[in-house]
Amino acid sequence: MTHLLCPLLTPVLEHPHGIRQVYFAGAQHSVPELSYQVDFPRLELILEGEQMMKCEDEQGNNQDVRMLAGDVLFVPAKGWNSPQWQEPVRTLTLLFGKQQLGFSLLNWDGAQFTSGEKGNVGRRGSRVGAFMLQALNELAWHRSDQTTAQFLVKGLLSHALDLFSSFVKTASRSQALFEAVRQYIEEHYREPLTRDSVAKAFYISPNYLSHLFQKSGGIGLNEYLNYVRLEQAKNLLKGYDMKVREVAHACGFVDSNYFCRQFRKSTERSPSEYRRQYRSQLENRAS
């Protein structure tokens with residue numbers, strides 16, 4: 001059994017021009033609203049299609065970059081980027097945390113997000129891959145050296161593929177069960193799920209289910225369920241003129257007041273404020 005990243009990254013790694021262009025995001029100024037920012041370095045790879053990407057240039061000015069298949073954006077720790085979901089595109093994000101390497105696949109068909117995958121694996125020590133990341137940080141000031149940048153990116157992609165491939169070979173039964181439960185929640189989040197009902201669907205005890213999530217995911221079951229529901233709520237608020245309570249119910253929240261509290265806790269905005277802010281930014285970009 002091979003990891004799902006294998007057929008995606010192997011052509012990129014084996015083709016001499018699998019990496020077309022390496023771009024660099026900056027982290028000199030305050031982060032624009034609704035941009036992506038985390039405390040660890042990232043690689044954003046365009047697998048198919050194209051995407052407009054907002055980020056900082058080397059002078060700290062905001063820029064729009066048209067990224068095509070094979071293009072990579074290196075985002076340093078605390079750096080930011082703002083992908084524009086317009087044309088159909090398939091992207092891969094690799095997040096290099098201190099303890100774990102995470103990935104996220106996104107598919108945008110031009111109107112909505114379709115099935116995506118995400119996962120993580122423990123790193124083989126914080127120094128493994130760190131020198132390549134540090135070299136990319138330094139290349140951010142010498143962005144014309146594309147040959148070295150492409151070499152380093154391929155090294156990091158190869159390292160990531162090796163980690164995830166090894167993970168598949170040694171994955172325990174509990175990890176496989178955790179992934180199955182996680183997928184079940186992502187498919188049935190609209191339903192009135194409880195710890196007991198999810199455990200019953202997999203013929204395990206509720207206590208074991210809670211243990212499974214803490215051990216394999218490092219997150220509580222209800223916390224993950226709320227995360228999935230809130231992510232879907234964001235998509236509905238952005239794309240539809242539904243009332244807040246309709247969004248709440250469509251995402252599996254029975255109590256719309258509870259939904260609003262959880263949404264504000266997650267985003268520091270009410271659902272209505274989040275929608276207004278998003279649409280205001282769209283209007284500003286169009287003008």
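1. A residue is called buried under 20% relative accessible area, exposed over 50%, and partly exposed in between, with a 1.4 Å probe and protein chains only. By that rule Leu 34 is partly exposed, because its relative accessible area is 24%. Leu 34 lies in the loop between β1 and β2 (36–37); helices (H or I, at least four residues) and strands (E, at least two) are DSSP runs, numbered from the N terminus.

2. This is a predicted model, in which local features need pLDDT of at least 70 and side-chain atom pairs count only at pLDDT 80 or more, while totals for chains, interfaces and linings use all residues. Residues are numbered from 1 along each chain as its sequence is written, and side-chain values use heavy atoms, with hydrogens and water left out.

3. Two backbone angles deserve a look. Most residues other than glycine have a negative phi. Leu 34 is not a glycine, yet has a positive phi of about 70°. Lys 78, also a residue other than glycine, has a positive phi near 70°. Lys 78 sits in the loop between β5 and β6 (80–84) and is partly exposed, with a relative accessible area of 48%.

4. Is Glu 44 buried or exposed? Glu 44 counts as buried because its relative accessibility is 8%. Its place is in strand β3 (residues 42–56). The side chain of Glu 44 makes a polar contact with that of Arg 42 at 2.8 Å. Such a contact is a pair of N or O atoms within 3.5 Å; within protein, one must be able to donate a hydrogen and the other to accept it, and residues adjacent in sequence count only if both atoms are side-chain atoms. Beyond its neighbours within four places in sequence, Glu 44 is in contact (heavy atoms within 4.5 Å) with residues including Met 67, Asp 71, Asn 81 and Thr 93.

5. The largest nonpolar core has 32 residues, of which Leu 5, Leu 43, Leu 92, Leu 136 and Leu 157 touch the most other members. A nonpolar core is a set of buried Ala, Val, Leu, Ile, Met, Phe, Trp, Tyr and Cys residues joined through side-chain atoms within 4.5 Å. Elements that each supply at least two residues include α1 (6–14), β3, β7 (89–96) and α3 (146–170). The most comes from α3, with nine residues. Not counting residues up to four places away in sequence, Leu 43 touches Val 72, Phe 74, Leu 136 and Leu 157, among others. A second, separate core of 17 residues includes Tyr 189, Ala 199, Tyr 224 and Val 228.

6. Phe 259, in helix α9 (residues 256–267), is buried, with a relative accessible area of 0%. Leaving aside neighbours within four places in sequence, its contacts include Leu 230, Ala 233, Val 244 and Pro 271. Phe 259 and His 249 are 10 residues apart in sequence and 9.0 Å apart in space, C-alpha to C-alpha.

7. Which residues line the largest cavity? They are Ile 185, Leu 193, Thr 194, Arg 195, Val 198, Leu 221, Asn 222 and Leu 225. Of this lining, α7 gives the most, with three residues.

Conventions: 1 Å grid on protein atoms, 1.4 Å probe; cavity = no way out; pocket = protein on both sides within 12 Å on 5 of 7 lines; lining within 4 Å.
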